[in-house]
Amino acid sequence: DWQAVFLAAIPLEVLMMVGAVAAIPESPRWLALRGRPEEAKDALVRSQGLSEAEAGAEVSEMSKKAGSASDASSLDTVKKLFEGDANKKALTAGLGLVLFQQLSGQPSVLYYANRIFDKAGLGFEAAVGVGVFKAVMTLVSVNLVEDPKWGRRPLLLFGTSGMALSLAALAAVFSGGAESASQAAVIGCVVAYVGCYQVGFGPITWLVLSEIFPLQIRSAAVSLATLTNFGSNLLVTLLFETERAAVGESLLFGQFAIIAAAAVLFENSKVPETRGLTLEEIEAQLMGEDVPPKQ
């Protein structure tokens, strides 16, 4: 009963709404951008536990950046996307992440997995199990993302490497044809793929997108990245079945494995570590300044 499914989500949505209103302050940068420094300082003290002096210094830096950003028109903001090394590096990293996130097969692997689960008589149980597993692995990522031993880049590299290996194993399982493939092996590869995706690409891509773009291009850049993400998702979803019928499962998942491996190389060379850095420090890092992650 789909009505019951949607009704069951209402209490959680109400809790989220109450929490957002009662516990989450406005973004300090949003306030600084609109010339409300005192409110921005209070938001920093409330959300990050900074002292008044520390919050004042950060708001002062934000206000300097906000001055040039607030005066720009929408057309000027779009033009600035491709101006300056920092903007170009941020755009390359952000758009590259969202493209590789989808082109490595994320929507299609789960779509195909549902057919395997149904064939094994595990449709409902598998759907619930995969959902719970995704939540658990996301919590693992949340707990490690600010850990000095991990951070954004290591989680991305670990998760994407695991995805590439899982996809390569999936291609090997299907090498003898879809009918002879072991359902248990396929399910194992899919579960490994999902776990690695939820540790890395799933949550970390969106976290990096929220951090990496300089303030003066942030709105346009995040909009472009989101459009790129959903556009590439649509493309992969539309082409998956046609390509599967044309080349078979083994070559298809092998192709995704190669793309995931290319994503590892991209992350290693183009995506900076942003753990512990303010947005202003990240921008300075993109401009070539030496800004080591905070411990």
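Predicted model: local features only at pLDDT ≥ 70, side-chain atom pairs only at ≥ 80, totals over all residues.
The account begins with helix H1, which spans residues 2–23 and contains Met-17. Met-17 is exposed, because its relative accessible area of 53% lies over the 50% required for that description. Met-17 also belongs to a nonpolar patch on the surface, together with Leu-7, Ile-10, Val-14, Val-18 and Val-21. The accessible area of these residues together is about 590 Å².

Helix H14, formed by residues 279–286, presents another setting. Of its 8 residues, 7 are buried, so the helix is largely enclosed by the rest of the structure. The buried residues are Leu-279, Glu-280, Ile-282, Glu-283, Ala-284, Gln-285 and Leu-286. After H14 comes Gly-288, which has a positive phi near 100°.

The discussion now turns to a pair of helices. Two packed helices are described by the angle between their axes and the distance between the axes. Helix H6 comprises residues 85–103 and helix H11 residues 201–212; their axes come within 10 Å and cross at roughly 160°. Since angles over 145 degrees count as roughly antiparallel, H6 and H11 are therefore roughly antiparallel to each other. The crossing in which H6 passes H11 is left-handed.

Finally, Thr-226 lies in helix H12, which covers residues 218–247. Thr-226 is partly exposed, with a relative accessible area of 25%. Although Thr-226 and Val-98 are 128 residues apart in sequence, their C-alpha atoms are 7.8 Å apart in space.

Methods. Residues numbered from 1 in each chain as written. Heavy atoms only, no water. Patch = residues over 30% accessible without salt bridge, like charges linked within 9 Å, V, L, I, M, F, W, Y side chains within 5 Å. Areas by Shrake-Rupley, 256 points an atom, 1.4 Å probe, with all protein chains shown as cover. Salt bridge = Lys/Arg side-chain N within 4 Å of Asp/Glu carboxyl O. Helix = DSSP H or I, 4+ residues; strand = E, 2+ residues; numbered from the N terminus. Buried < 20%, exposed > 50% of the residue type's maximum accessible area, 1.4 Å probe, protein only. Axes fitted to C-alpha atoms, helices over the stretch in contact; angles between N-to-C directions. Parallel < 35°, antiparallel > 145°, perpendicular 65-115°, else oblique. Left-handed = near helix turned anticlockwise from the far one by under 90°.
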